[in-house]
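Hi,

Here is the structure we talked about, for you to open alongside this email.

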Amino acid sequence: MGGVLGWWKPRIAGACIYLFAAHCATSATIVYETQSLGGNRWEYSYTVTNNSLGAPLEQFTIYFDRAIFSNLAVTATPPDWDSLVVQPDPELPADGFFDSLAVGSGLPIGGGINGFAVSFDFSGPGEPAEQIFEVVDPDTFEVLESGSTTAVPAPPAGIAMITALLAVAGRLRRRGATRAQT
């Protein structure tokens, strides 16, 4: 038994270090939710977080692949942010993008903000998925970081099942207590 645990301990420690390092290496995250607006019209809603960029996050750009996106429109922007879209152009060829610039001091380290939304026509397979983004210095236009947006994680099915079972158990327990009193 000790031999098996001895074999697993370094692997568990290594996995923990890897996950911690991967988390720390991410300075900014952009999480999205998709919503169907009917037909091939969709909307992305974004939440932006400045995990540890080292400075306020003042500008970011999210790209829309010219092969599967068209008719972009900004549908929401938080106060103190200025957003715009540039349409994808298959003739150039050039991807479209959503760009947002902080009018004030930007997003501080450890801060997060939601309320960014873009509607669009989608001609790809399935549902729209992750996109490439860049965090940009608005003064020098230097790319400070790039990455992919990530979907808002759905609650694991196991947690939903446990919650439902606990609710049923609580109801049965109350019902049993009520019968015992009568």
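First, the ground rules. This is a predicted model, where local features need pLDDT of at least 70 and side-chain atom pairs count only at pLDDT 80 or more, while totals for chains, interfaces and linings use all residues. Residues are numbered from 1 along each chain as its sequence is written, and side-chain values use heavy atoms, with hydrogens and water left out.

Strands (DSSP runs of E, at least two residues, numbered from the N terminus) pair if DSSP finds at least two bridges between them. Strand 1 (residues 28-38) and strand 2 (residues 41-50) run antiparallel and are joined by ten bridges. Tyr-32 sits opposite Tyr-46 in strand 2. The hairpin of strand 1 and strand 2 has two residues between the strands, and Gly-39 there takes a positive phi near 65°. Strand 2 also pairs with strand 7 (residues 112-122), again antiparallel, over nine bridges, and Val-48 stands opposite Ile-113 in strand 7.

Now the rings. Rings of Phe, Tyr and Trp (its six-membered ring) pair if their centres lie within 6.5 Å; planes under 30 degrees apart count as stacked, over 60 as edge-to-face and the rest as tilted. The structure has 16 aromatic pairs. In one of them, Tyr-32 and Tyr-44 have ring centres 5.3 Å apart and planes at 85°, so they are edge-to-face. That pair links distant parts of the chain, with Tyr-32 in strand 1 and Tyr-44 in strand 2, twelve residues apart. Tyr-44 is buried at a relative accessible area of 0% (buried means under 20%, exposed over 50%, partly exposed in between, with a 1.4 Å probe and protein chains only). Phe-60 and Phe-116 are edge-to-face too, with centres 5.1 Å apart and planes at 90°. Here Phe-60 is in strand 3 (residues 59-64) and Phe-116 in strand 7, 56 residues apart. One aromatic cluster includes Tyr-32, Tyr-44, Phe-60, Trp-81 and Phe-116.

Last, which side chain of opposite charge is nearest to Glu-145? It is Arg-66, 23 Å away, and Glu-145 is buried with no salt bridge (a side-chain nitrogen of Lys or Arg within 4 Å of a carboxyl oxygen of Asp or Glu). Glu-145 is in strand 9 (residues 143-148). A polar atom of the Glu-145 side chain lies 3.3 Å from the backbone nitrogen of Ser-27, and one lies 3.0 Å from the backbone nitrogen of Ala-28.

Cheers

Note on methods. Helix = DSSP H or I, 4+ residues; strand = E, 2+ residues; numbered from the N terminus. Lys, Arg positive; Asp, Glu negative; His and termini not counted. Polar contact = N/O pair within 3.5 Å; in protein donor to acceptor, adjacent residues only side chain to side chain.
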